[in-house]
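Please keep the sequence and the coordinates at hand while following the text.

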Amino acid sequence: MQEVSRRVFFKRAGGAAAVVAVGTSIAVSPAILAGASAGAATPKEAAISPQDDLRVGEHLVARVKNARTGEINLFIGQKEVTIHDRKIAARLIRAAR
Amino acid sequence: MSSHREAPEISKDPVADSTDLYAFISPDKSNTVTLIANYIPLETPAGGPNFYEFGDDVLYEIHIDNDGDGYPDVTYQFNFETVNTIPTTFLYNVGPIESLNSANWNRRQFYSVTRVTQNGFPQVLAQNVPCPPCNIGPLSTPNYASLASAAVHSMSNGRTVFAGQRADAFFVDLGAIFDLGDLRPIANLHNTFMIPGLSLSAAPGVNSLASSNVHSIAIQVPITDIAAGGVAPTNSALAGSSVGVWTTASRQKARVWDSNHGWDDFTGPYVQVSRLGNPLVNEVLVPLSQKDLWNASPPWQDKFFANGVAHPELAGLLNVLYPGFFKNLAAYSKPRADLEAILLTGIPAGVIAPTYSTFTGATQADMLRLNLAIPPASTPSAMGILGGDFAGYPNGRRVIDDVVTIELQAIAGITIPYVDGTYVKDAAIADVSDGDTGAGLSLLPSFPYLGTPYSGYNTPS
């Protein structure tokens with residue numbers, strides 16, 4: 001019988017990230033960063049280029065730490081990247097509220 | 001204790017909670033070092049139907065500093081993966097588990113071992129190594145000892161590894177000690193806070209961890225695998241002969257609950273959530289408000305916590321709890337250079353004996369220090385250096401070492417005369433103990449040394 005691990009199961013079942021808010025942490029889809037609403041997928045989203053897409057089972061978590069400075073921590077894979085962009089921070093907060 | 005549930009945050013995350021760390025020259029293979037990191041405190045043997053297991057989402061590491069700066073020079077990493085081989089059953093096993101590839105065994109763990117050196121170069125030492133099952137009972141896990149011994153795995157260059165459930169070898173009277181410093185053997189001397197009608201009598205200690213299990217990660221490697229420059233030292237008096245050892249558990253930084261699947265998704269870099277070097281340091285010497293920070297900090301930053309070692313709160317409490325019996329200790333106001341040496345820098349050669357040293361350098365870092373040039377003792381004493389045994393704690397830590405009594409007596413001042421000849425020890429110091437001796441512990445004469453775990457069927461009996 002084929003073995004099923006948690007990771008393998010997740011990889012099979014997983015797709016793009018869900019939108020989940022925990023405190024000030026927000027898991028975002030690339031569409032939000034592009035300025036789209038957090039609603040259903042659009043044809044524009046379906047046509048996203050491979051380099052801008054998430055890999056299977058991968059998701060990106062964004063943590064807006066300081067809206068005034070635009071400090072955002074981005075988590076993807078085993079990486080953390082910090083950016084400073086007040087417009088994106090404001091857009092994320094608006095999308096989450 | 002020694003690090004079981006020692007800090008508020010990690011007490012809520014048992015699979016990442018380190019309980020004990022051991023490091024010693026293998027008594028039956030003296031050209032090797034055995035390193036054991038225990039996790040998951042206070043396992044109740046009858047822990048079904050979901051028996052204990054390592055965290056697939058936890059990075060377990062054992063670090064070695066061989067140049068005294070508090071940074072790792074060699075790290076062994078352990079990653080686990082759990083599989084369900086029979087997805088349709090609710091059971092851990094559907095029949096007796098007679099071997100590590102038994103078709104009756106549903107829920108299994110496998111792990112990889114990676115050695116990382118200072119330059120960051122990772123070397124995978126083993127992959128898909130099976131853990132043994134938990135010790136369930138005579139129907140599910142008959143012949144458990146031989147089943148577990150099959151999980152001892154040989155790797156390249158004389159390295160050996162084991163990861164799985166073991167009987168907890170740590171012994172301590174938790175119930176008394178954390179009832180406001182009650183040491184049962186001298187309980188009759190306790191001030192009892194003048195509670196009306198309460199009087200305590202002297203009594204033997206009670207091992208609060210008796211019949212509980214842990215999950216052990218044990219690795220035995222040639223001394224040359226961890227020594228500075230890859231050369232086994234021969235002169236125990238030299239600082240370069242000692243290494244510092246600690247274990248950490250790390251989790252990925254971002255966690256989001258995935259309600260579609262009913263589990264956490266982890267993303268981002270691994271960050272440290274648990275740390276253990278010397279027993280009892282975070283438990284007893286670090287203030288409660290700083291314990292979580294200590295767990296997230298590296299050893300090289302331990303100068304920040306050094307005040308708790310130089311001025312231990314417990315030393316000040318002893319003469320209050322046992323009025324008049326620790327007058328000399330109460331009057332001693334100097335920083336505790338003895339404890340700083342034992343726990344933060346190692347003991348330089350000449351302090352105890354010309355050939356005895358655990359010194360790694362001036363950097364204050366809580367690491368379990370092991371002198372690689374001191375051979376195993378032919379007649380070991382559980383009291384380690386206090387019993388005249390140079391191969392025991394605080395020179396590394398063996399599974400037999402009575403670290404609670406050693407550290408309690410050290411905090412009570414028994415080691416001050418090593419660094420301050422003017423100090424006179426209190427007469428009561430010889431009686432300072434929780435009263436547990438480790439008698440009756442289940443241990444093995446060879447790797448992985450920790451005994452067969454208690455079975456769920458037979459415990460409690």
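B:Ala23 touches B:Val33, B:Leu35, B:Val245, B:Leu368, B:Leu370, B:Gly396 and B:Arg397, leaving aside residues up to four places away in sequence; two residues are in contact if their C-beta atoms, placed from the backbone, lie within 7 Å. Apart from the core around this residue lies another core, of 10 residues, which include A:Ala62, A:Ile72, A:Phe75 and A:Leu92. A nonpolar core is here a set of buried Ala, Val, Leu, Ile, Met, Phe, Trp, Tyr and Cys residues joined through C-beta atoms within 7 Å. A residue is buried if 20 or more other C-beta atoms lie within 10 Å of its own, exposed if 12 or fewer, and partly exposed in between, with C-beta atoms placed from the backbone. The largest nonpolar core has 106 residues, and B:Ala23 and B:Val245 have the most contacts inside it. In soluble globular proteins, nonpolar side chains tend to be buried together.

The model is predicted: local features need pLDDT of at least 70, side-chain atom pairs count only at pLDDT 80 or more, and totals for chains, interfaces and linings use all residues. Residues are numbered from 1 along each chain as its sequence is written, while chains are lettered from A and ligands numbered from 1 in the order in which they are written.

Chain B contains 9 helices and 12 strands; helices (H or I, at least four residues) and strands (E, at least two) are DSSP runs, numbered from the N terminus. Its radius of gyration is 22 Å, close to the 23 Å that the globule rule gives for 461 residues, so chain B is as compact as a globular protein of that length. The radius is taken over C-alpha atoms, and the rule is 2.2 Å times the number of residues to the power 0.38. Of the 461 residues in chain B, 48% are buried. Among contacts in this chain between residues at least 6 apart in sequence, 65% join residues at least 24 apart.

Within chain B, 5 strands form an open antiparallel sheet in the order β1-β2-β9-β8-β7. Its edge strands are β1 (18-25) and β7 of chain B, each of which pairs on one side only; strands pair if DSSP finds at least two bridges between them. Strand β2(B) is joined to β9 (residues 213-222) of chain B by 9 bridges, and the two run antiparallel. B:Ala37 has B:Ile217 in β9(B) as its bridge partner.

In chain A, strands β4 (residues 60-66) and β5 (residues 71-76) pair in the antiparallel sense over 6 bridges, with A:Leu60 opposite A:Ile76 in β5(A). These strands, β4(A) and β5(A), form a hairpin with 4 residues between them, and A:Gly70 in the turn has a positive phi of about 75 degrees.

Several backbone features of chain B deserve attention. Most residues other than glycine have a negative phi, and most peptide bonds are trans. The peptide bond from B:Gly48 to B:Pro49 is cis, with omega near 5 degrees, and B:Pro49 lies in the loop between β2 (32-43) and β3 (59-65) of chain B. Also cis is the bond from B:Tyr393 to B:Pro394, with omega near 10 degrees; B:Pro394 is found in the loop between β12 (368-371) and α9 (403-411) of chain B.

B:Asn143, although not a glycine, has a positive phi of about 55 degrees. B:Asn143 is partly exposed, with 13 other C-beta atoms within 10 Å.
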